[in-house]
Amino acid sequence: MQYPKLFIFVLVLFTTVELWAKPIVVCESCVVKSISEAVALAIDFDTLLVKKGTYKEYNILIDKPLTLIGENYPIIDGEDQGEIIRIVSDNVTVDGFFIVNVGTSYTTDYAAIRVVKSKNFLIQNIVLEKLFFGIYLEKSNHGKVYHNKIIGDAIDEYNSGNGIQLWYSDHVEVSQNIVQGARDGIYLEFSDNITIHNNKSTNNLRYGLHFMFSDDDVYTDNIFENNGAGVAVMFSKRIKMKGNTFRKNWGPAAFGMLLKEINDAEISGNTFEENTIGIHIEGSNRIEYKANNFVKNGWGIKVLGACYANTFRANNFLYNSFDISYNSKLNDNVFDGNYWSAYTGYDLDKNGIGDVPYRPVKLFSYIVNQTPEAIVLLRSLFMDIIDFSEKVSPVFTPDNLLDTNPLMTKVQ
Amino acid sequence: MIHIEGLHKKFGKNPVLSGLDLTINKEGVFAVLGPNGSGKTTLIKSILGMVVPDKGTISVQGEPIKKNWKYRKEIDYLPQIANFPGNLKVRELIRMIKDLRQSPSDEDRLIALFKLEPFLDKKLSTLSGGTKQKVNIVLAFMFDSPLLILDEPTTGLDPASLIHLKELIREQREMKKTILITSHIMQFVAEVSDVIVYLLEGNIYFKGSIEALKTKTGQTDLEHAIAAIATRPSHA
Amino acid sequence: MRPLQLDLAMLKILKYSFYDLIRSRWSYVYFLFYLLLGFVLLFLNNDVSKAIITLMNVIILLVPLIGTIFGIMYFYNSKEFTELLLAQPIKRSSIFLGQYFGVAGSLTLSLVLGLGIPFVLYGLFKSDAIFDFTLLLVTGAFLTLIFTVLAFNIALSNENKIKGFGYAVLLWLFLAVIYDGLFLMSLILFKEYPLDSFSLGATMLNPIDLSRTLILLKLDISALLGYTGAVFKKFFGTDQGLLISMLMLVLWTVLPIWRLVSVAKKKDF
């Protein structure tokens, strides 16, 4: 259990804070009965200690540098009225609240916590339920969103919001969060130099993580599972994606990860497991794919449109229905030294590298692109015969798409 | 015992039996003879229920045989070609047939008679044709059914075994049984049978004792009598 | 009429046919082949997932072929024995069902033991591939039952051995390869039209495709769910696919058995 630890942590924090500054205490039987009241009373750099209880408040505006600490997760109930907390000052910390019932609107993106044009914020240990948007960072830099739990119940895209959203915000760290049941778990737009680490984004309606026009970001060791469409990385440059797990994104338009117009990225050490498509790539160039595992996906990698100068090295392709699928006859990408479980060649000189090249694109994948219903003929003898003849003399698939150094054993 | 009325059977467009009537209601050995294609085997198989007639009725022991299989308890049959599941041993085959029929049997005497003891633990596929026929005979004679049907029983038998076979047939006749035999060996037929049933073009052409047949054809031995009877219709 | 009525005589004939077959050299060859295949796949490759995929390929091709050939050979070779049985006080249905289940049973046993032993020794029960493997064996058993009875039907309707054998091998070739070729061609020809009901229907009408689909449901569900059609989605995305496929396999077994019995009843021997 996390809570006892958290409790001690909060308690310790609370006692240390008390040593040097007397906090403003908020509780149902206290002099100060609401958070808005306390914020109004406080001066810069005060600490507000909110005791356990239910506070029916919304539009709480934090316009000075304050530290808000919830003791034993006090509940802030917005009663579906609109936005709950808005931070418009630098150096604000919000820590340890249970926030529910954010108002839903078709015109305004109400959020549980919105940070506007502020710096050095810290939002941590927040539990969100019944939300529209969760934590919304707007033109705010150098902050941290840490260890929050966002549980949405989104059913339709048009009336649901994102768990954590960054808009024109730079140098923010998003880590140890759990986001589920939102529209997009984590959404970035025009946000650069962001670190997204160790989050778990699952069961979201659309994407577990969604990048748009955001450069130089890093995301590592996150888990994305069973999201409507997986993870989408679009129109962004120099993104580093490492050690993430993309699992069980199933459906006609679902993939572990979608790369669209992505250049100069590095994708390494990730695991793509049991997705309809492991990575769906469109118009992405100079990407280095290294040491990733593609396990039991429908398509390990599906390449659409022009993709140039990408390299795939030391990846494991294990038991995918199709390892690689191309929709054109052109190939400008390099596949070298990967392990392919479907490889049937031999290694006579025992150097660990197969003596015949491996052709990861099967004719059947081309047929399925043309006639999707043909998928029911997967693994039939007829298809094996056709694939074999295509392997011998490629007509429909790129003939230079070869791994000339297929490994005989898995990359560990 | 056996009562057949208006039996018709065609194979394709080729009529084999056309309105055959036959009644056998006493014991004795009945030799069913006739030229090739006269319908002997079809008649026997119809009685056994192996061939389904197009028209007509067959009763065995007073019971109509249509959609019936229990009446075969009353029949012991020796098929023409003795071929058995190759991987079974002789002993197992005998046990199996006993197991299937669930009737009292005296196979031990017959095994001794035909000196089959050394073969009991041999697989059927390793036996010679004659030995297989001996096993076949054991299977047919080991039960005590009132009706016996023997289709070419002499095939492949050595003289000693042939003598044993004739003894067995005689013995069965003395036990007041009805025995139907087909054979090409007229000497054998003359030796064992009481009544000749001669089939021609799908019907009974002659039924009576060997003596009656000789008288009718004016021949002195059975072989010539049969040959004469077979040629007469074409001159008629 | 109760074509599937079990009775004592049938069980006896089943027992003897079964004994006869499990003592034949070919049953051992068949059994040893699977045993060897299982050991090679598991202990040399050391990769259960890969072993299951290879086994699937073997099962959907070899099992029908062996079932067909064994079925047709057994039927023709036991012609005289069948005639001997026909003269016994036994119902015809008992004779043919007994022989059929004897052949299909011994083939199934060779398959299940031959593959089962190496997998058990490998420690399959501790692995999560147990379900996939069980499904493979169940499918293999069904294919044995189906193709043996199809072969029996062909043999029953063709007195001429060479013809019967030819038809049986053609049937296998048709269902294993040609059918899928025609299937694919019609998909490509009519790709402008919605084809998901057609393609599922065509799959149901071929027991080999049906078995393959059952295995695909386990091995390639990620790919199958990539298709947009609602019928596909319902079929592959829910338990419906498994249930319908199983039901169709049962039909594929029961209907030819029913035909076998009803034709055998009217046939002259």
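## Elements and model

Strands are DSSP runs of E with at least two residues, helices are runs of H or I with at least four, and both are numbered from the N terminus. The model described here is predicted. By these runs, A:D264 is in the loop between β28 and β29 of chain A.

## The loop between β28 and β29 of chain A

Strand β28 of chain A covers residues 257-260 and β29 covers residues 266-268, and A:E261 is located in the loop between them. The phi of A:E261 is positive, about 50°, although the residue is not a glycine. A:D264, in the loop between β28 and β29 as well, is not a glycine either, yet has a positive phi of about 55°. Most residues other than glycine have a negative phi.

How exposed are the two residues? A:E261 has 15 other C-beta atoms within 10 Å and is therefore partly exposed. A:D264 also counts as partly exposed, because it has 16 C-beta neighbours inside 10 Å. The partly exposed class lies between the cut-offs of 12 or fewer for exposed and 20 or more for buried.

## Domains of chain A

The domain assignment divides chain A into domain 1, residues 1-228, and domain 2, residues 230-412. The distance between the C-alpha centres of domain 1 and domain 2 of chain A is 39 Å. Domain 1 of chain A puts 22 residues into the contact and domain 2 of chain A puts in 21 residues.

On the side of domain 1 of chain A that touches domain 2, the elements giving two or more residues are β22 (207-212), β23 (218-220) and β24 (223-225) of chain A. The most comes from β22(A), which gives six residues. By class, this side of domain 1 has nine nonpolar, eight polar and five charged residues.

## Which chains touch

Two pairs of chains touch, and the pair with the most contacts is chains A and C. Chain A and chain B do not touch, and their nearest C-alpha atoms are 36 Å apart.

In the contact between chains A and C, chain A supplies 28 residues and chain C supplies 31 residues. The side of chain A that touches chain C consists of 14 nonpolar, 10 polar and four charged residues.

The contact of chains B and C involves 21 residues from chain B and 20 residues from chain C. On the chain B side, α1 (40-48) and α2 (90-101) are the elements that give two or more residues. Helix α2(B) has the largest share of that side, four residues. The residues of the chain B side are 13 nonpolar, two polar and six charged.

One residue of chain C in contact with chain B is C:D268, which meets B:M50, B:V51 and B:V52 once its neighbours within four places in sequence are left aside. C:D268 is in the segment after α12 (240-266) of chain C. Is C:D268 buried or exposed? It counts as exposed, because it has 12 C-beta neighbours inside 10 Å.

## Chain B

Chain B has eight helices and 10 strands. Its radius of gyration is 18 Å, close to the 18 Å that the globule rule gives for 236 residues, so chain B is as compact as a globular protein of that length. Along the principal axes, the C-alpha atoms of chain B fill a box of roughly 55 × 40 × 35 Å.

Of the 236 residues in chain B, 40% are buried. Among contacts in chain B with a separation of 6 or more, 68% join residues 24 or more positions apart.

Helix α1(B) is largely enclosed by the rest of the structure, because eight of its nine residues are buried. The buried residues are B:K40, B:T42, B:L43, B:I44, B:K45, B:S46, B:I47 and B:L48. After α1(B) comes B:G49, with a positive phi near 80°.

## Helices of chain C

Two packed helices are described by the angle between their axes and the distance between the axes. The axes of helix α8 (residues 196-204) and helix α11 (residues 230-237) of chain C cross at roughly 40° and come within 8 Å. That angle makes α8(C) oblique to α11(C). C:D196, C:S197 and C:L200 of α8(C) make the contact with C:V231, C:F232 and C:F235 of α11(C). These residues divide into four nonpolar, one polar and one charged.

Helix α4 of chain C, residues 79-86, has C:F81, C:L84, C:L85 and C:L86 as its buried residues. Their cover includes α1 (8-22) and α5 (92-122) of chain C.

Methods:
Residues are numbered from 1 along each chain as its sequence is written. Chains are lettered from A and ligands numbered from 1 in the order in which they are written. This is a predicted model: local features need pLDDT of at least 70, side-chain atom pairs count only at pLDDT 80 or more; totals for chains, interfaces and linings use all residues. Two residues are in contact if their C-beta atoms, placed from the backbone, lie within 7 Å. Ala, Val, Leu, Ile, Met, Phe, Trp, Tyr, Cys and Pro count as nonpolar, Asp, Glu, Lys and Arg as charged, and the others, Gly among them, as polar. Axes are lines fitted to C-alpha atoms, for helices over the stretch in contact, and angles run from 0 to 180 degrees between N-to-C directions. Angles under 35 degrees count as roughly parallel, over 145 as roughly antiparallel, 65 to 115 as roughly perpendicular and the rest as oblique. The radius of gyration is taken over C-alpha atoms; the globule rule is 2.2 Å times the number of residues to the power 0.38. Domain bounds come from an automatic or database domain assignment.
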